[in-house]
Amino acid sequence: MLLAVGFFLFGVLELTIQQTGWGFTAVEDPLASGLVTAVVGASVFGIFVRWWTGRPLPFRALLMDERKGDRKIVVRLAFGILILHTAYPYGIQSVGIGAIVTMSAVGAACLNGSNLWKTWRHREELPNRVLWVAALNLALRVFAFAGVMVINKPWTGLEHMTNEKLYGLGCGILGAWSFWNYLRCMYDVAKEEKLRTLAVADLVAVPFTALGVWGMSFLIGGGYSELSLKVLGLGSAAGILSFALPTVMGVWLSNKISSSVSGLLYLFDSLIGCLVGLGGAALGWLPAVQAPDVWVWRGMALVLGAALIGWIWPIPILKQSGGRVIVEDGNQPA
């Protein structure tokens, strides 16, 4: 139990560092800051992985025909990073950060949802305990998502729908996929290759991100024209805090907890973002509007309660062997 609490606190620390890093990008132009964040974060993470493993990054092995499965993962991860630094800022500007963050939370909530579907399909073969735990986890995700909605108020700014807002909602859908894709890939890569695979994907995404920022600047403005020493400084800090360091911590944590628990844990993004906003507003570093109101505190309580219960009773892992369905401990890393 103490070990589980330790993993939970470590995950909260990772998200706190990440949200603090994103706070640096909120000060200046999002496209310019996002570009610097992507370049610095990928570079620092790549250098760290090269030093930590003592081995060259496997660009050739991952991108050529030798390991097609891993190449697909690299492409998926790189595309997700591209979305994060280009489409995401457009969504935030067109429909608001509340709607985009809430839509992204769907990705985390759906992680490991395939096991819920398997449970439904094989419900007649499974004991009642497994069915009850699966039903509990489905309900917990509904409650957690409701909490995320209360925190972020996604309906704000959507009273009058325009084409721009429709495009923004499309970016939100891409953001949800990007969030789900990142977490899913984290569990699809072999433990011993996670760091090196992620480092390659991050560096591969850099030139495409640079091109994407240039293209998006014509739609929402900013980008290269907003680069300055201040943006370079804040973006570099964000690259380390929101990108490189959380990736290292996330890889380690993914080897210790299941994908089911990880999906619920990452719903804490909104909660921790609000606490970072509260601290920043109290210190005068962020606008007062960043401080959470009473409804936000209620939403945070929903997310926290759902995550803690889901940590104790995670989604059971179902595997088929010899025509039989085998139930494994949902707390084991997938």
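Modeller: Happy to, and let me start with a term: a cavity is a set of grid points where a 1.4 Å probe fits but cannot get out. Please keep in mind that this is a predicted model.

Biologist: Which helices each supply at least two residues of the lining of the largest cavity?

Modeller: The lining includes Leu 183, Met 186 and Tyr 187, along with Gly 250, Leu 253 and Ser 254. Glu 14, Ile 257, Ser 262 and Tyr 266 are also among the lining residues. By class, the lining has 6 nonpolar, 3 polar and 1 charged residues. The helices that each supply at least two of the lining residues are H9 (163-188) and H11.

Biologist: On to packing, then. Is H2 oblique or roughly parallel to H11?

Modeller: The axes of H2 (residues 30-53) and H11 (residues 229-254) come within 7 Å and cross at roughly 45 degrees. Angles under 35 degrees would count as roughly parallel. The relation of H2 to H11 is therefore oblique.

Biologist: And how many charged residues are in the contact of H2 with H11?

Modeller: On the H2 side, Val 36, Val 40, Val 44 and Phe 48 are among the residues that meet H11, whose side includes Gly 235, Gly 239, Phe 243 and Val 248. The contact divides into 15 nonpolar and 8 polar residues, and the number of charged ones is none.

Biologist: How is H2 oriented to H10?

Modeller: The axes of H2 and H10 (residues 194-220) come within 9 Å and cross at roughly 170 degrees. Angles over 145 degrees count as roughly antiparallel. So H2 is, relative to H10, roughly antiparallel.

Biologist: Last one: which residues in H11 do Lys 194, Leu 195, Leu 198 and Asp 202 meet?

Modeller: Those four sit in H10, which packs against H11 at an angle of about 145 degrees, with the axes 10 Å apart. H10 passes H11 in a right-handed crossing.

Notes. Residues are numbered from 1 along each chain as its sequence is written. This is a predicted model: local features need pLDDT of at least 70, side-chain atom pairs count only at pLDDT 80 or more; totals for chains, interfaces and linings use all residues. Side-chain values use heavy atoms; hydrogens and water are left out. Axes are lines fitted to C-alpha atoms, for helices over the stretch in contact, and angles run from 0 to 180 degrees between N-to-C directions. Angles under 35 degrees count as roughly parallel, over 145 as roughly antiparallel, 65 to 115 as roughly perpendicular and the rest as oblique. Contact means heavy atoms within 4.5 Å. Ala, Val, Leu, Ile, Met, Phe, Trp, Tyr, Cys and Pro count as nonpolar, Asp, Glu, Lys and Arg as charged, and the others, Gly among them, as polar. On a 1 Å grid over the protein atoms alone, a cavity is a set of points where a 1.4 Å probe fits but cannot get out, and a pocket is an open set with protein on both sides within 12 Å along at least five of seven lines; lining residues have an atom within 4 Å of a point. A crossing is left-handed if the near helix is turned anticlockwise from the far one by less than a right angle, and right-handed if clockwise.
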